[in-house]
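These are my notebook entries on one chain, written down in the order in which I looked things up. I have the sequence and the structure beside me as I write.

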Amino acid sequence: MKIPNLFSFDIAARRGYPSGMWIAVLYLWAINILSLVAFGWDKLRARRRKGRIPERKLLWLAALGGSPGAVMGRWIFNHKTRKRSFSMRLFLIVGFQVVCGFFLVQFAQAN
């Protein structure tokens, strides 16, 4: 009698989901958590007047898929809310990702 492995990463494949999808989901969770933590860390460093995370790195985290985490971190920590140029670039990234997501869903439904 064979005992099923409950802790296998192959659970997704058994349920009919492509394994690549789970890799993408895990990546998005990780990058969003990292973005949220980076905004919190930068806010803490700003209050203590210590070395900060450059805006460019925060925007790269958002551009690499962490925009929901970046927007949430901005809201939770009330961080970078007065910087108009940073806000414009962040929401430009969010808008671009929303448009790409829309077209991705439309393409997936067509096939």
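Entry 1: I began with α3 and α4, which pack at an angle of about 80° with their axes 9 Å apart; an axis here is a line fitted to C-alpha atoms, for helices over the stretch in contact, and angles run from 0 to 180 degrees between N-to-C directions. The two helices α3 and α4 therefore count as roughly perpendicular to each other, given that angles under 35 degrees are called roughly parallel, over 145 roughly antiparallel, 65 to 115 roughly perpendicular and the rest oblique. On the α3 side I listed E55, L58, L59, A62, A63, L64, G65, S67, A70, V71 and R74, and on the α4 side F86, S87, R89, L90, F91, I93, V94 and Q97, where contact means heavy atoms within 4.5 Å. Sorted by class, this contact has 12 nonpolar, 4 polar and 3 charged residues; Ala, Val, Leu, Ile, Met, Phe, Trp, Tyr, Cys and Pro count as nonpolar, Asp, Glu, Lys and Arg as charged, and the others, Gly among them, as polar.

**Entry 2: where the values come from.** I noted that this is a predicted model, in which local features need pLDDT of at least 70 and side-chain atom pairs count only at pLDDT 80 or more, while totals for chains, interfaces and linings use all residues. Residues are numbered from 1 along each chain as its sequence is written, and side-chain values use heavy atoms, with hydrogens and water left out.

**Entry 3: the whole chain.** I found 4 helices and 0 strands, running α-α-α-α from the N terminus on; helices (H or I, at least four residues) and strands (E, at least two) are DSSP runs, numbered from the N terminus. Buried residues make up 24% of the 111 residues, where buried means under 20% relative accessible area, exposed over 50% and partly exposed in between (1.4 Å probe, protein chains only).

**Entry 4: the core.** Which residues make up the largest nonpolar core? I wrote down I31, A38, F39, L58, L59, L61, A62, A70, F86, L90 and I93, 11 residues in all; such a core is a set of buried Ala, Val, Leu, Ile, Met, Phe, Trp, Tyr and Cys residues joined through side-chain atoms within 4.5 Å. The elements that give two or more residues to this core are α2, α3 (55–76) and α4 (84–110), and the largest share, 5 residues, comes from α3. Leaving aside its neighbours within four places in sequence, L59 touches F86, R89, L90 and I93.

**Entry 5: N32.** N32 sits in helix α2 (residues 19–47) and, at 17% relative accessibility, counts as buried. The side chain of N32 reaches the backbone oxygen of L28 at 2.7 Å. Setting aside neighbours within four places in sequence, I found N32 in contact with G65, G66, S67, P68 and G69.

**Entry 6: the loops.** P54 lies in the loop between α2 and α3 and is partly exposed, with a relative accessible area of 42%. The C-alpha atoms of P54 and D42, 12 residues apart along the chain, are separated by 8.7 Å. Most residues other than glycine have a negative phi, yet phi is near 50° for N78 and about 60° for K80. Is K80 buried or exposed? K80 is buried, with a relative accessible area of 10%.

Methods:
Polar contact = N/O pair within 3.5 Å; in protein donor to acceptor, adjacent residues only side chain to side chain.
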